[in-house]
Amino acid sequence: MIPASAPASERAATRLARRILHDPIGLFGLVLVLIVVCSGLFADWIAPYDPLKLAVRERMADPSMSHLLGTDQLGRDILSRVIKGSQIALLVGLSATLLSLLGGLLLGLLAGYGPRWLDNLLLLLFDAVHAFPVIMLALAVITLFGPSLVTVLLVVVTVTVPRYARLVRTSTLSIKHAEFILAERALGARAPRILLHHIVPNAIGPLLIIASMDIPVVITLEAGLSFLGLGVPPPAPSWGRLLNEGYSFIRDTPWIVIGGGLPLIVTTLGFTFLGETLRDLLDPKLRKAL
Amino acid sequence: MAAILSIDKLSVDFLTPRGTVSALRQVSLDVPRGSIVGIVGESGSGKSTLIAAATRLLSENAVIRGGTVEFDGEDMLNLPPDRLRALRGRRIAMVFQDPMTALNPVLSIGRQMIDIQYRDRLDRAGKRARAAEMLRRVGIPDAGARLDRFPHEFSGGMRQRIAIAMALLGNPDLLIADEPTTALDVTMEAQIIHLLREQRREFEGSILFISHNLGLIAELCDHVVILYAGEVVERGTVHDIFHRPSHPYTEALLVCDPARLSQASRALPTIGGEVPDLIRLPSGCIFAPRCPKAFARCRSAAPHTHVVTPEHTASCHLVPS
Amino acid sequence: MLYYTIQRVGLALLICIVAMTAMFSLVYVIPGDPASIALGPRATPEMRQALAARMGLDRPVPIQIVNFFGNVLSGDLGVDVWSNRSVATSVFESLPYTLALAAAGLGWSVLVGIPLGCYSAARRNSLLDKLSGVLSVGAISMPSFVVAIYSLLLFAVTLGWLPAIGAGEPGQPLDQLGHLILPALAVGLGWVGYLARLVRASMLEVLGEPHIRTARSFGLPERMIVFRYALRIAVLPTVTLLGTGVGSLLSSAVFAEIVFNRPGIGQLVLGAVNTRNYPVVMGAVLVTVGLFTLCTLIADLLVAAYDPRIRAGL
C-alpha cells in the first residue's frame, strides 16, 4: 500500500480519537492510563503523607481511614508511597521509550535507506540483541556497572531499539521504492529531504502506537529489577521496591506487596486495553511484521 | 422424470450495516437429470449466492426469506446437518472459482483426495489408487507420484483440474461449477471446457455451470438461465436463448458479447446504466432503468413469467403469452 | 528442507558468536577494570593484580578473545572469582531446576491455552468466548513476579495449602511436584492468555479462508476440518511465538525461583550479581542465550517442516 505523501499522522490522530471514544474497552484503558499519569504528574500534591516520613510506632498498621492502604514496616504510609512510585514509573517509562524511539528511528532509517551491507549488519546486531533474555542482559550489565537509573535505562533502550528500528526499516523500505520518491530523486531531491518530508512522517504513526504499548513493559521491567534489589536505588519508593520490602514482611502484613503489585497490574491493564484499540489502526502489513 | 435439483421461488437477503440487501428474489429453476444447465449473469447478479443457498454454504448474515430447494426430492433447506453432510461430496460436488485458494495449502493433494473418500469402505491403498486414476482422467501426468505434492507446486490450470478430479471422485449426481474458468487464461480455459465435455460422456450426472461468458455457455450447456440483479429474467434451451432471445437483457448480452461482433469497431457496445442498488429496489421491472424497450408499464408493474414455449420463459411485458 | 536447515543453523551460530563477543567486550566498556570493581574501593594494588592475573586480564586483548572462544568451545566458562569453582559446573548444576520450572509452566499453559483458543474460535461470541477473552487479557496484564508473590501470599501464607519455600525433598517426586505447583502457575499464567488469544485469532482467520469452504462442500466432518484442515495452519504462529517466547519464559522462571526460594539459575545469578562475580553471570547468560537461540531455531525448523510454502521460500 503506497501511503499518500501528506502526513498520514494527522488523519490517523482523528481516527484514533474517534475510535477510542466509541470503544468501551479502549475508553476504560484510557481512564486507567490517565489515572496513572495524573497520579504521577501530581504525586507531590495528592499524596496524603510524605512517602519518606518514618513513624515507627505506627508500623505495619492495617488499612484504616487515616491510612487507606495501611503502613509499611517503618511506619510510612503505603498509599503515599504508591502514588510517589507512579512518578518514578512514569519517569522511567517515558524516558526509556523516548530514547528508544530516537535510537530506533535513527537506526531504522539507516538500515532502510543506507547501503545493503549496513542493513545486513544492523539486522544481525538486532537479532543478536534479541537472543538475550532481557533479565539476563540486565543482570550482566548491572554486575559490571552497578545498579542505577542509568543502567536500567541503558538495558531497556538496548533491548527495545531493535524492534522499533525494524518497524522504521520496513516502513522506509516500502516507501523508498514508491514511485513518487523516484520522481523526487529524478528531480534532484537529496536523501535528507526525502527522509524528513516523506519517510519519517509515515513511519512515526505506527511507531508511536507500538511505543505506547511498550511503556508498561518498561515499567514492569524496572519494577522487576527493583524487586531484585537492583533497580532505582532506595529510598525512592518505586513499586518494585515496595514489592521487595513487602516480600520480606509478607508473613506480617500483606498490604505492602498489595500496594506494590496493584498499581503494576492497573498500569499494564490500562495500557493493554488502550493498545488493543490502537493496534486496529495499524497498517496490517506492519502489524504482521512485529 | 423429476429434476435432480429443483429450486422454487427462492428468496435470500443479506443483512449488512448499510441495510438489507435483497440478493435473490423468487428465483426458480430446474436441473433435469443428465443435463448441463448454465447460469449466466454479471457480477452481482446473485449467481454465487444462488448455489451457496442451494448447498447451505451461505455466510452468517444471510437470511432465506422463502422458497424451496429440492435435491432428488429432499428438502435441502431443512435437512438435518448429518444428512446434509452425507449428500455433500457424494451426491452434490462443487468446483469453485479461484483455484489458487480452493485447496488446503499444507496438505498434499493425495491427502485431501483420500479424506474426501472417508465414507468409503476401502483401504488406504485403494483410495489412493482411485485418486490417482481420477487425476489421470483429468489429464494430470505422472498421477501416482503427484499425489504427494502440495497445491502450490501446481499451476492454476492444473489446480482446477485437481479440483474437478476431487469433485468427480464421489461420482456425484450433481456437479456445481462456479465460474471454474474465470481465473484462468484463455488457453487453460479451453482445456478445462474440453475436459468437462469429455468427462460428460463418462459422467452420468448433471452439471450446473455458472459463468458470465456466453461462449462457454453455448459450447457446454443444454439449458440456460439468465440471472439479472437477483431475478431470473429468461430461461430456455441453448437454442432458444441464443437464437430466439425474448428478454431485452438477453438480447443486449448477445449484442455485447465480444465474440459475436461482426465488424471491427473501436467502440464496444455496452449496456447503459448500472446494476440497481439491491438495498433500495426500483419499483416495476428490475431491468427497466437500463432497458432500451422500456415503456410506462415497465416502471410501475413487475412483469410475471411469460411462457414462450413450455421450456422457454421470460419475465418481460413485451412477451405475448 | 536441508538447505533451509543449513541456512538457519548458520545464522543461529553467527548470532551466538556476536552475542558472546558482546558479553566478553562488555568488560572493557566499563570505567575502571573488572578486578577493581570486583574487589571494591578498599582493595590494595597487590590484591587487584592478583585477581586480574586470575581473571586473565593481564594478557593482550586479542589473546584473551582467542582464549575465550577456545575455552567456551571446550566447555570451560571460566572460574568463579571468589570460590575458584568452575562456572560451567555451577551453571549446569542449577540449570535443570530452572528448565524443569520453565517446562512445567509452559506445559500447563499449552494444555490449557490452545484448546481454550480453539474452543473460543469455534464458538465465537458465546459466553465462554467472551469470558475467556476478558480473562486472557487479565492474565497477560499481570507481571509474572507479581503473580508469583500474590499466589505465594494467597495459597501459601494465608491459606497454607501449598508450600512456600524450596523445591522439595530430593528423591520424593510427590513432594517436589507439590513445590512446583505455585511457581509453575506464576510462570505459565501469562502464557495461557497469549496462547488462547493467538490461537483464537489464527483459527478465525483460517476458518474464513476459501479452502475451508471447499472442505465443507465435500462434506468432511467438522472435527476433521477443525483439527486437520484448520488447526494445522493456525498453530504455526503459535509455534513461532513459543520459540521466541523462551526468553521471557526463562525470565519468568528466574523471578519465580527468587520468590519461592528455589534452587536454579535465578538464585545463582542473583548471588553472583551482588558479589560482582562477573564470570558466573557471564557464564549463565551465555548458556541461556545458547538455549534461547536453540529454541528459536527449533521452532523455525518445525514451522518449515509443517508448512511446505515456507521451505519453498514463498
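How many residues does the contact take from chain A and from chain C? The first legend picks this up. Everything here comes from a predicted model, where local features need pLDDT of at least 70, side-chain atom pairs count only at pLDDT 80 or more, and totals for chains, interfaces and linings use all residues. Residues are numbered from 1 along each chain as its sequence is written, while chains are lettered from A and ligands numbered from 1 in the order in which they are written.

**View 1. Chain A against chain C.** The contact takes 34 residues from chain A and 43 from chain C (contact: C-beta atoms, placed from the backbone, within 7 Å). The most comes from α6(A), with 9 residues. By class, that side of chain A splits into 26 nonpolar, 6 polar and 2 charged residues (nonpolar: Ala, Val, Leu, Ile, Met, Phe, Trp, Tyr, Cys and Pro; charged: Asp, Glu, Lys and Arg; polar: the others, Gly among them).

**View 2. Chain B against chain C.** Here 22 residues of chain B are in contact with 22 residues of chain C. On the chain B side, α2(B) hands over the largest share, 3 residues. Its classes come out as 12 nonpolar, 5 polar and 5 charged.

**View 3. α2 and α4 crossing in chain A.** The axes of α2 (residues 24-41) and α4 (residues 78-113) come within 7 Å and cross at roughly 100° (axes: lines fitted to C-alpha atoms over the stretch in contact; angles: 0 to 180 degrees between N-to-C directions). The two helices are therefore roughly perpendicular (65 to 115 degrees). Val36(A), Val37(A), Ser39(A) and Gly40(A) meet Ile83(A), Ser86(A), Gln87(A), Ala89(A) and Leu90(A).

How values were computed
Helices (H or I, at least four residues) and strands (E, at least two) are DSSP runs, numbered from the N terminus. Angles under 35 degrees count as roughly parallel, over 145 as roughly antiparallel, 65 to 115 as roughly perpendicular and the rest as oblique. Two residues are in contact if their C-beta atoms, placed from the backbone, lie within 7 Å.
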